[in-house]
Amino acid sequence: MTTAAPLRALMIGSSLELALPVLRILREAGFTIDCIFSRKALLSHPAIERFVWAEDAPSLVTQAALAIRQATYQLVVLTDDKTIRQILLSDLSEEEKLSLLPVATARDFHHLSSKIGLSETLRAHDITTPDFEPVRNPQELASAVRKMGFPLILKGDFSGGGTQTFKLLDEQQLRQLPQPFGFFPAVLQRHIQGTLIAIEAFYQDARLVHFAYAKALRLQHDDEFSPSCVREFSTRAHLDAGLVDELTRLGAALGAHGFANISCIECAADGKRYYFEADMRPTVWADYPRHFGDDPALRIQDHFASGQTLDTLGPRDPTEPVHVTLAYPLRLRLWEVLTNRYACWRVWPDDALTIRILLRRSKHQLLALLNLRAARQWIARRLKRSPRGRTTP
């Protein structure tokens, strides 16, 4: 009787927030984890067997190349867009890049860290995506706007979190763009009216292993282009049966080989899903399906044990809910966390580092609370409205 070789994963990155869900998933999936990271906060993390601190971008690339030469990893996870771009633009050989980047072949490098490259890849593989035009200077932008007509969305080619993204509904909004517009090259996309859908997926060798599907109910800071902070997840068996085929074709088009952050719009006019984002990295929501009985760690473990992939939605369980609303506490306001809004305590990440992230994010809110800023401002406004010289008995 032979025993399976132990699973070993290499995690590389700079985003502490994106690393934490990955560590839980990989640990529960049975991986031993090595980590190359630019944040020392992970130095003593119990899920990590070997930690290497990268003091700068060149060091991160050098240490990553050294790691894959010295050990065999069944899975490499680059946690954030910045790290993917550093590896992609580095002086490593094509073979070394391929062993690190989350795609199956070197041909798939084209869409990494590039919204233009992604749109071109989706169109080339007949994946439904908004009409688009790449623009590299003000002249091309003006020409593309005339060609496409409004409404449009303009995005910097390498951007994330809603930065460098502008809605153009008319000429006035076009004139209101920052001048000079410093985000070229950029992609101009047709604005699709509909429901924003977020899909967390995991692929290996372009085959779909797991996915979760959610409607974005609320965005951070209530900004149209910011990350979501509250989502309504749909349990997989209740989804449209055609979704698995769409995500399978999408994975093949991208050569997807790892975690994927996929976004689409369910168009209000024609009911189609228009895919416009597919970043090959995890998100803070990557392990949320475990809260409604669909733990990605178990799916990933099964894949590495037996090659199991996801080909159907599966049978419906009459006892499971159709929808589950969940919040990400670290993107909520401090008072919402303290009052357990959206029952956010039930999904609080079981990692002590989340407290550090929350305090850092809430620093200004916390300081305002401690020095009673809101109360003092209210009193000042009341005094300002009072007739001069009047005193309160």
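Lys 363, with a relative accessibility of 46%, counts as partly exposed in this predicted model, because that value falls between the limit of under 20% for buried residues and that of over 50% for exposed ones. Lys 363 belongs to helix H12, which covers residues 363–370. Between the C-alpha atom of Lys 363 and that of Glu 224 there is a separation of 24 Å, and the two residues lie 139 residues apart along the chain.

From this helix we can turn to a sheet. Four strands make up an open sheet, arranged in the order E5-E8-E6-E7 with antiparallel pairing. Its edges are formed by strand E5 (132–135) and strand E7 (165–168), each of which pairs on one side only. On average, and with direction ignored, neighbouring strands of this sheet are turned by 20° against each other. Strand E6, made of residues 152–156, is joined to E7 by four bridges, and the two strands run antiparallel; within this pairing, Leu 154 has Phe 166 in E7 as its bridge partner.

Two helices pack on this sheet, and each can be described by the strands it touches and by an angle. Helix H5 (residues 115–124) touches E5, E6 and strand E8 (186–190), and its direction makes about 45° with that of E8. Helix H6 (residues 138–148) likewise packs on the sheet with contacts to E5, E6 and E8, while its direction makes about 165° with that of E5.

A pair of aromatic rings is described by the distance of the centres and the angle of the planes. The count of aromatic pairs in the structure comes to eleven. One of these is the pair of Phe 181 and Phe 184, whose ring centres are 5.1 Å apart and whose planes stand at 70°; the pair is edge-to-face because an angle over 60 degrees falls in that class. Phe 181 counts as buried at 9% relative accessibility, whereas Phe 184, with a relative accessible area of 23%, is partly exposed.

A further edge-to-face pair is formed by Phe 202 and Phe 259, with 4.9 Å from centre to centre and 70° between the planes. This pair links distant parts of the chain, since Phe 202 is in strand E9 (residues 194–204) and Phe 259 is in strand E12 (residues 259–267), 57 residues apart. Phe 202 is buried at a relative accessible area of 2%, and Phe 259 is buried as well, at 6%.

Ring pairs also link Phe 233, Trp 285, Tyr 288, Phe 292 and Tyr 328 into a cluster. Charged side chains lie over aromatic faces in this model too: Lys 40 is placed over the face of Trp 53, at 4.1 Å from the ring centre, and Arg 236 over the face of Phe 211, at 5.6 Å from the ring centre.

The cysteines remain to be considered. The structure holds zero disulfides, and Cys 264 is in none, the nearest cysteine sulfur to its own being that of Cys 267, 11 Å away.

Definitions and conventions. Residues numbered from 1 in each chain as written. Predicted model: local features only at pLDDT ≥ 70, side-chain atom pairs only at ≥ 80, totals over all residues. Heavy atoms only, no water. Pairing = 2+ DSSP bridges. Axes fitted to C-alpha atoms, helices over the stretch in contact; angles between N-to-C directions. Contact = heavy atoms within 4.5 Å. Buried < 20%, exposed > 50% of the residue type's maximum accessible area, 1.4 Å probe, protein only. Disulfide = S-S within 2.5 Å. Phe/Tyr/Trp six-rings, centres within 6.5 Å; stacked < 30°, edge-to-face > 60°. Lys NZ or Arg CZ within 6 Å of the ring centre and 35° of its normal.
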